[in-house]
Amino acid sequence: DPVSFRLTNLKDERLATVLKKAVEISGWKPRVVTRRPIGPEMIGTGVGVSRYKNSDSNVAVVAKVAVDGHSGRVRLLGLWSATETGRAINPDGVINQIEGGMVQAASWTLMEAGRWNDGIMVAVDYTDYPIIDFPAVPEIESVLLDRPDLPSLGVGEGSSAPTGAAIANAIFDATGRPVHDVPFTPERVVAALAA
């Protein structure tokens, strides 16, 4: 089980605490990730955890995705996060920063890619450079673990890395096949499914 593996190997109790809380609110069910038969829609859940810049906020994210076995399209079904940033001066601001970062990271992870021609960016508008839109944003649930006994830590971009990791791990859980290059476009997912 990916969560048990991380908890067994994590030495940082603050990271372990946010990981435990994120999986608790997501309803995580322990399981072993294995290669699965390709179906029309495969559902998977993944986790990511990090301490931003090794010195700032502690964030764990759980992502649930649906992978279309034919088109390779990945659809976000839910995102959950737990954050600990020492003493939270503005708790609402912390949650807003974390959730905004999760949406932005989901966009990077699933669709944002520049296209270049002879060193010049040719993706110059949202038609050529897609970003996530409101219908594609899943429900998000976030919890802040306030620690007024500890110094405040930075929050900005704290959820970026664990969100991308959680989505990648959810795709792996759904299919049993890793996709190695971001963004996880349908073409890249189909190639991974065929490998």
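In which loop is the place of S57? S57 sits in the loop between β1 (41-51) and β2 (58-68), where strands (E, at least two residues) and helices (H or I, at least four) are DSSP runs numbered from the N terminus. The model is a predicted one, in which local features need pLDDT of at least 70 and side-chain atom pairs count only at pLDDT 80 or more, while totals for chains, interfaces and linings use all residues. Residues are numbered from 1 along each chain as its sequence is written, and side-chain values use heavy atoms, with hydrogens and water left out.

S57 is buried, its relative accessible area being 0%; buried denotes under 20%, exposed over 50%, and partly exposed in between (1.4 Å probe, protein chains only). Residues up to four places away in sequence aside, S57 touches S50, R51, Y52, T83, E84, T85, L153, G154, V155 and G158, a contact being heavy atoms within 4.5 Å. T85 is also in contact with S152, a residue of the loop between β6 (139-144) and α4. S152 is partly exposed, at 38% relative accessible area. The C-alpha atoms of S152 and T85 are 5.9 Å apart, although 67 residues separate the two in sequence.

In α5, the buried residues are V189, A192 and L193. These fall within an arc of 100° seen down the axis of α5, so they line one face of the helix; the arc is taken from the directions from the helix axis to the C-beta atoms. E187 and A194 are exposed on the other side of α5. The cover over the buried residues includes β1, β2, β3 and α4.

L76 also belongs to the lining of the largest pocket, along with R73, V74, R75, L110, M111, I132, P135, A136, F184 and P186. A pocket is an open set of points on a 1 Å grid over the protein atoms alone, where a 1.4 Å probe fits, with protein on both sides within 12 Å along at least five of seven lines; lining residues have an atom within 4 Å of a point. The volume of this pocket is about 240 Å³, counted as the space filled by probe spheres set on the points, which are joined across faces, edges and corners. Strand β3 (residues 74-84) gives the most to the lining, with three residues.
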